[in-house]
Amino acid sequence: MNSFPRRYHAAVWDEPLIMEQGAPGRRGTVPPGPIEAAGDLLPEGMRRTTPPALPEVAEPDVLRHYLRLSQQTMGMIGISLFGTCTMKYNPRVGELLAARDQLAEIHPHQDDAAIQGLLEIVHEFDLMLRELSGMGRFIFQAGGGAAAAYVHACVTRAYHESRGELAQRRDVITTAQAHPCNPATAAAAGFNVITLPVERDGYPSLDALRAVVGDGTASLMINNPDDMGIYNPHIKEWVDLVHEAGGLCFYDHANFNGVMGRIRAAELGFDACMFMLHKTFGAPKGGGGPAVGAYGCTPELEPFLPGPLVVRTDSGYERRENEAGVGRVREFLGNLPQVVKAYSWTLAMGADGIREAADISVLANNYMETRLLAIPGVTKSFDHLTARRLEMTRYSLGEYTEETGVTAVDVQNRMTDYGVDAFWLSHEPWIVPEPFTPEAGEGWSKEDIDYWIDVLAHVMEEGRTDPELVRSAPHNQVVAQIDTASLDDPARWATTWRAYRRKNERQNEREVTA
């Protein structure tokens, strides 16, 4: 048996930016000279007046630099029970299928006849998601869950406009525990947002919904189970109530992992739903990186979908614009490498595998809960409710923080010193004090889950005996605690080298003047 805790330290390099390395004239490759005639083809306003700011480094320097960065990044990939994000293992076969020589070289403007295989995958995966949801068609343009929610907000607007009711139907109803993208995208699409408070059962009451539903209702946008892991058993009554008032119902399936293969949105009466391919369907997830929010709807809403749509004909597959649709929300068909990976995962799992994965996920989450609640200082949201939770659950370190002064963020930072990833806290505003929201899912072994929980218990005990050790963490990571004072300062933000240089030159000038 390995001793606990395991010895761990992330790789650490004092690595400068690539733009700060090299020397003038140093090259890894020598590009061909400019084509003189090309200058005549460019308008005057598009021609460079100065050379581009590019690093001048040799190939070995570039290789070492990015190898070191990758080693530091990999140092943060441990056991990741990251709630609301369903951090699954991403099978390598999916990466191979979407590799450069397989997919990335396809040009989006190629003729349909030249990309029949890719169009077939898109169409077949659409059919698979229809089976899981009961919807009539899916599109994959949306670049994530928020984008898919925005698609629904736009479809809702177009639907009511087509019926001459848009001026009247201005209200979108959601709950305090719905994911923030639902109220945010509704507001961005011009709707008023009505947020129902969470009540004693872990969700708003049917009476609370009745009080706000009416002729002004445009749509209900909700996830179920919510981030407390609680499933609203009255959801069919909710949908019926909104439909009676003439509104639409959207099912945010970000928390689909524990119920996949067990419920279908259409059978509950929903008009539309979305799935996170980069969460539930085994495709990689990265902050601001590759993501797909698959948006599906009933045939009644299909005329309003963004195009192009992939359809099957007697001669094969083709893309068709949807002239009455709301317009594109992203270029072309969306992030198709992610669709290919999710298609591969779904084929490999099959219907039985998907149902089994949901069962294992629920089992693992409830095993984790039993162990977590045995740790002194850990409580859970709505702890008077004894029913099993279906997804991640909001736990609280509120009592522990009152006892020690050590916060959930402190514990989060210290846990990374033992080779596990920091837990997810909560969407703002916090409903539960000092929250943490882990999700075991179906991919982690019992040993992984046990080690993660053991680390949490160990760090909490450290906070009782040596609180400053925890407050000053991390100690074994690439970066220690940083000064956050300037993180919200627009004068210091820099997403490009040019902006970084310009803003730092200004800052230096201000410091010299002062």
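Contacts between residues 24 or more positions apart make up 73% of those in the chain that have a separation of 6 or more; the model in which they are counted is a predicted one. Of the 514 residues in the chain, 47% count as buried. The secondary structure comprises 15 helices and 12 strands, and the chain is as compact as a globular protein of its length, because its radius of gyration of 26 Å is close to the 24 Å that the globule rule gives for 514 residues. The C-alpha trace spans about 70 × 70 × 55 Å along the principal axes of the chain.

One helix pair can be described in further detail. Two packed helices are characterised by the angle between their axes together with the distance between those axes. Helix H12, residues 408–415, packs against helix H13, residues 446–465, at an angle of about 120 degrees and with the axes 10 Å apart. H12 is therefore oblique to H13, since angles of 65 to 115 degrees would count as roughly perpendicular and those over 145 as roughly antiparallel. The crossing of these two helices, H12 and H13, is right-handed.

| Helix | Residues in the contact |
|---|---|
| H12 | Val411, Arg414 and Met415 |
| H13 | Trp452, Val455, Leu456, Val459 and Glu462 |

Taken by class, the residues in the contact of H12 with H13 comprise 6 nonpolar and 2 charged, with no polar ones. Arg414 of H12 and Glu462 of H13 both belong to this contact, and Arg and Glu are residue types that count as charged.

Technical notes: Residues are numbered from 1 along each chain as its sequence is written. This is a predicted model: local features need pLDDT of at least 70, side-chain atom pairs count only at pLDDT 80 or more; totals for chains, interfaces and linings use all residues. Side-chain values use heavy atoms; hydrogens and water are left out. Axes are lines fitted to C-alpha atoms, for helices over the stretch in contact, and angles run from 0 to 180 degrees between N-to-C directions. Helices (H or I, at least four residues) and strands (E, at least two) are DSSP runs, numbered from the N terminus. Angles under 35 degrees count as roughly parallel, over 145 as roughly antiparallel, 65 to 115 as roughly perpendicular and the rest as oblique. A crossing is left-handed if the near helix is turned anticlockwise from the far one by less than a right angle, and right-handed if clockwise. Contact means heavy atoms within 4.5 Å. The radius of gyration is taken over C-alpha atoms; the globule rule is 2.2 Å times the number of residues to the power 0.38. Buried means under 20% relative accessible area, exposed over 50%, partly exposed in between (1.4 Å probe, protein chains only).
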